Amino acid sequence: MSVARHTSKYWALHYLLLGAFAMFALFPLFWLLKVSLTPNNLLYSEGVRLWPSHITFEHYASVVARSEFPLFFRNSVIVSGITALLATLAAAAAGYGFSRFKFRGKHFIVGLMLITQMFPLVMIIAPIFRLLSPLGLTNSLTGLIIVYSAFNVPFASFLMQSFFDAIPKDLEEAALLDGANRFAAFWRIIVPLTLPGLAATLGFVFTAAWSELLFALMLNSSSKASTFPVGLLAFVSKFSVDFGQMMAAGVLALLPVCVFFVFIQRHLVQGLTAGAVKG
Amino acid sequence: MTARRALLAAEPYLYTLPALLLICAVMLVPLGLGLSYAFHDVKLLDPLSGDFIGLDHFRELWSDAAFWQALRNTLLWTGASVSLQFCLGLVLALLLNRAFPGRALFQLLVFLPWAVPSFLSGLNWAWLFNPVVGPLPHWLVSLGLMSQPDNLLSDPRYALWGPIIANVWWGIPFFAITLLAALQSIPADIYEAAAIDGAGAWRRFRSITLPFLAPTMAITILLRTVWIANFADLIVIMTKGGPADSTQILASYIFTQAFQRLDFGYASAIAAVLLLLLLAYALALMALRAVLVRRR
């Protein structure tokens with residue numbers, strides 16, 4: 001695509017720099033994996049070797065069988081899964097409204113949503129605790145689901161709106177002329193066309209809920225209702241010597257979001273490019 | 001018929017209602033409450049608290065050395081994180097903007113940190129800095145930058161750089177993705193025309209690439225600055241603001257006051273200051289933009 005032919009010297013530098021970026025990106029994750037596979041007796045005796053002389057899956061076994069991590073994992077899956085569903089539903093409706101209607105107060109509503117993206121969320125940790133506590137929604141997965149759904153709705157609404165904007169209005173109008181009501185048109189024509197957008201939004205909200213730490217820490221202090229990040233942090237401060245197990249748990253926490261990432265990353269740049277070209 | 005018309009008029013509001021209700025109940029009402037806490041004595045475990053105390057919290061803040069330290073740290077944390085993320089992200093985007101064998105694989109690998117949850121990036125880097133299991137202290141000793149393998153995170157002079165490095169690692173992909181998308185929307189024939197006119201690589205970068213990227217750069221940097229100034233996770237995880245509040249930024253100081261000392265009133269007062277500072281920053285940038293646009 002470039003006009004000028006580049007010399008081999010240029011390409012050597014190009015790959016060298018990219019290699020450096022890749023090393024920087026991957027080394028921490030490699031080290032996480034390495035320590036999670038290193039037997040305890042070798043961890044201290046072999047120092048900072050790049051790979052242990054033999055490996056073990058013992059840490060994974062004890063994390064899965066003899067710790068509370070399966071419970072934390074389950075809690076996180078429930079919270080992130082239901083949050084993703086709720087927020088995406090509300091966002092799909094709002095995004096559809098923004099995309100298809102002009103109505104009084106629209107700018108005001110969009111403005112409210114933008115404000116929620118700008119102020120420091122730590123600011124409302126204390127008030128939310130005071131509001132949820134008398135309702136019995138602290139130390140509860142339901143409380144976290146409500147809070148996370150609200151946090152993710154604004155961004156998800158704008159995302160869904162951009163997907164709806166990309167669908168020509170004529171399609172719906174044709175269905176309306178054929179006698180379908182607006183809801184039926186929405187359900188049978190628009191929803192199937194936005195499935196990729198819905199999937200992406202679900203994934204983004206799931207990832208965000210999966211990663212949230214500070215509110216989970218403040219609202220859910222009992223280990224029964226702990227999510228994975230809170231459980232991992234509690235584990236770190238309680239058994240701070242068991243590095244193998246901590247890192248094995250870390251690798252397990254990484255799995256669900258990495259699966260989503262591998263699916264989505266090819267489309268990230270393309271999607272943004274399409275958006276940019278469209279203006 | 002009128003009922004039907006009313007329903008039609010209400011339709012767009014019905015679509016936005018669930019989202020709006022959620023945001024109001026969970027974000028806007030607590031925001032208002034939080035602002036009022038700043039002027040009240042609110043302590044979670046003290047049933048006698050709750051009185052209106054006017055500006056007492058703010059007077060206390062004025063003489064709180066940890067608050068001023070956190071304010072300075074917020075500037076260093078935000079400035080260093082954003083500028084490093086931006087520069088490295090731009091270089092990465094330029095590298096990935098050319099076609100070459102293995103590009104898809106490289107892109108997958110270098111964007112991977114973006115998928116890592118922030119709590120895990122924080123823990124991961126804290127472990128890398130830990131002399132017991134991490135290699136970094138030993139490498140620093142070999143390079144002669146450290147006399148013995150100590151934990152950088154427990155040295156009050158440099159500890160803040162630990163979370164900053166973790167933040168840069170985590171945030172490069174965000175800038176690279178956004179800038180790469182903007183780069184790919186520049187029409188290729190402009191470059192061809194410039195090359196035919198004899199413009200060199202640096203010239204083409206300065207007079208085509210930069211002007212095209214400028215709007216994306218400006219908006220991304222503005223949004224990221226606000227976001228990073230509010231981003232307390234990495235510091236809470238890696239140093240808990242310590243040793244002795246030396247790595248506290250305003251956002252993590254708020255969390256510490258609310259979570260550890262359960263002093264919701266004081267936490268809200270710091271939060272109100274942070275909110276004011278961010279507002280001032282956004283207004284200053286908008287004023288600057290207005291001046292620049294007028295001059296053009």
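Reader: Which residues touch the most other members of the largest nonpolar core?

Author: A nonpolar core is a set of buried Ala, Val, Leu, Ile, Met, Phe, Trp, Tyr and Cys residues joined through C-beta atoms within 7 Å. Buried means 20 or more other C-beta atoms within 10 Å of the residue's own, with C-beta atoms placed from the backbone. Here, the largest core has 157 residues, and Val122(A), Ile125(A), Ile254(B) and Ile270(B) touch the most other members. Helix H7 (residues 161-184) of chain B gives this core its largest share, 15 residues; helices are DSSP runs of H or I, at least four residues, numbered from the N terminus.

This is a predicted model: local features need pLDDT of at least 70, side-chain atom pairs count only at pLDDT 80 or more, and totals for chains, interfaces and linings use all residues. Residues are numbered from 1 along each chain as its sequence is written, while chains are lettered from A and ligands numbered from 1 in the order in which they are written.

Reader: What does Ile125(A) touch?

Author: Contact means C-beta atoms, placed from the backbone, within 7 Å. Leaving out residues up to four places away in sequence, Ile125(A) touches Leu214(A), Phe215(A) and Met218(A), plus Phe255(B) and Ala258(B).

Reader: How many residues does each chain put into the contact?

Author: Chain A puts in 74 residues and chain B 72. On chain B's side, helix H1 (residues 2-37) brings the largest share, 17 residues.

Reader: And how many helices and strands does chain B have?

Author: Chain B has 12 helices and 0 strands. Of its 296 residues, 42% count as buried.

How values were computed. Buried ≥ 20, exposed ≤ 12 C-beta atoms within 10 Å, placed from the backbone. Helix = DSSP H or I, 4+ residues; strand = E, 2+ residues; numbered from the N terminus. Contact = placed C-beta atoms within 7 Å.
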